[in-house]
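Subject: Structure for you to look at

Hello,

Please find below the structure we talked about handing over. My notes follow it.

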Amino acid sequence: MIHYKYLVLDMKRLVVIIFLFSALMMVSAQNVCHVTVEYPHWGDTLLINITECISGKEVEKDTVLRKNGNFSYEIALESPAIMNISTPAFSELRDDDQIERFVIVPGESVRCKGYQEIEGTGFSQKYAKVRSFIKSPAYRERTDKYKAILDYVTANKDNEACVALITDYNILHVMDETKMKEAFALLSSSVQKGRMRPLFDFMVKQIQEKNSKQKKQSDLIGKAAKDFKLKDMQGKEISLSSFRGQYILLDFWGSWCIPCLKALPELKEFYKKNKDKVVVIGIACHDNERRWQKAIKENQLTWHNVLAPKDNKITEDYKITHYPTLIFISPDGRILSYTNSHDSDIYPFIKSTLETQQ
């Protein structure tokens, strides 16, 4: 026989459990971000990758199938997160690859149709305006793009989406850690302390880690260049050591890399003038063989060209973090100059080095 007193206690426990469960579900629902994506020409299968800013950890990696050109996704978040959407071709390095990256926040909805075509609740509406600014003449036609960013932030200091502006991947070539902090300091105190702060801290940490890698890159100068053996378009194996006794310029690039392709005319001009003095080796990384060969033919790259397979450690050996990266090596095999900056002085340095040897 069940005692009435114990039955009442059990009922109370049950009520408490139900209440706690309901509260937990309510909090969880409030943190859910609803994402709808419309990329009509991206194929039926898409890959998603979500990194939460407060922890810096990848919280989601999934494959989704589209219906009628669209897909919807829901994820519970504790902080703003960076969502990457790509096609399988992107990871396979095929010609038809696509990737998009945008910021999502807990408890809101976002509908993305393209870089500027974002709509949704709260943050998303402000975010769409920020992205439109980046693609507008007000930014793109300004000579001093950093000043354009500062002007926009100053005029919109209470807009939390400005945190996404100063950390957007499309303008990271303009922003270093100091500039990012200067722009952030212009925002109102409420924005600086608000929910987008984890995004800012995460991106600053990313830049600091990049700077740390660049420090390791500069430490390579004066050290012996590591030997490698890679195959050219004809399948012939080419090694660095086979050119010992000559000056060598390594060009780490990829046919997928727009800055690399834009840098080719200058490299071609350099090679035309110095091919009897300097061996140039183009090392394609993370590339598709067919697309790599096509790029070589279309751009008429007549120096040595080799392809680094995915499992090759050459990018680790040479601390490659950006493309293109140029490395100048002495006849005795030492690294004399290392750069991955578009405003590098490596060509004047090489010219000066060659002149001193005459």
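Which residue in β12 is the bridge partner of L249? The bridge partner is V280. Please keep in mind that this is a predicted model.

β11 pairs with strand β12 (residues 278-284) through 7 bridges, and the two run parallel. Together with helix α10 (residues 258-274), β11 and β12 make a β-α-β unit, which is right-handed. β11 also pairs with strand β14 (residues 325-329), here in the antiparallel sense and over 5 bridges. In that pairing, F252 stands opposite T325 of β14.

**The sheet of 7 strands**

These strands belong to an open sheet of 7 strands with mixed pairing, in the order β10-β9-β13-β12-β11-β14-β15. At the edges stand β10 (237-239) and β15 (335-339); each has a single partner strand, so one side of each is left without a neighbour in the sheet. From one strand to the next, the twist averages 30 degrees.

Further along the sheet, strand β9 (residues 229-232) pairs with strand β13 (residues 304-307) in the antiparallel sense, over 2 bridges. There D232 stands opposite V306 in β13.

Helix α11 (residues 289-299) lies across β9, β11, β12 and β13 and runs at about 165 degrees to β13. Helix α13 (residues 346-356) packs on the sheet as well, where it touches β11, β12, β14 and β15. The direction of α13 makes about 10 degrees with that of β14.

**The sheet of 4 strands**

There is also an open sheet of 4 strands, ordered β4-β1-β7-β8, and its pairing is mixed. Its edge strands are β4 (70-76) and β8 (118-120), each of which pairs on one side only. Neighbouring strands in this sheet are turned against each other by 20 degrees on average, direction ignored.

Strand β7 (residues 109-112) is joined to β8 by 3 bridges, and the two run antiparallel. The bridge partner of R111 in β8 is E119. Helix α3 (residues 123-135) lies across β7 and β8, and its run is at about 165 degrees to β8.

**A pair of helices**

Two packed helices are described by the angle between their axes and by the distance between those axes. For helix α7 (residues 177-185) and helix α9 (residues 197-218), the axes come within 10 Å and cross at roughly 165 degrees. That angle makes α7 roughly antiparallel to α9. The crossing of α7 past α9 is left-handed.

Which residues of α7 meet α9? They are E177, M180, K181 and F184.

Regards

Notes
Residues numbered from 1 in each chain as written. Predicted model: local features only at pLDDT ≥ 70, side-chain atom pairs only at ≥ 80, totals over all residues. Heavy atoms only, no water. Pairing = 2+ DSSP bridges. Right-handed = clockwise from strand over helix to strand, strands pointing away. Axes fitted to C-alpha atoms, helices over the stretch in contact; angles between N-to-C directions. Parallel < 35°, antiparallel > 145°, perpendicular 65-115°, else oblique. Left-handed = near helix turned anticlockwise from the far one by under 90°. Contact = heavy atoms within 4.5 Å.
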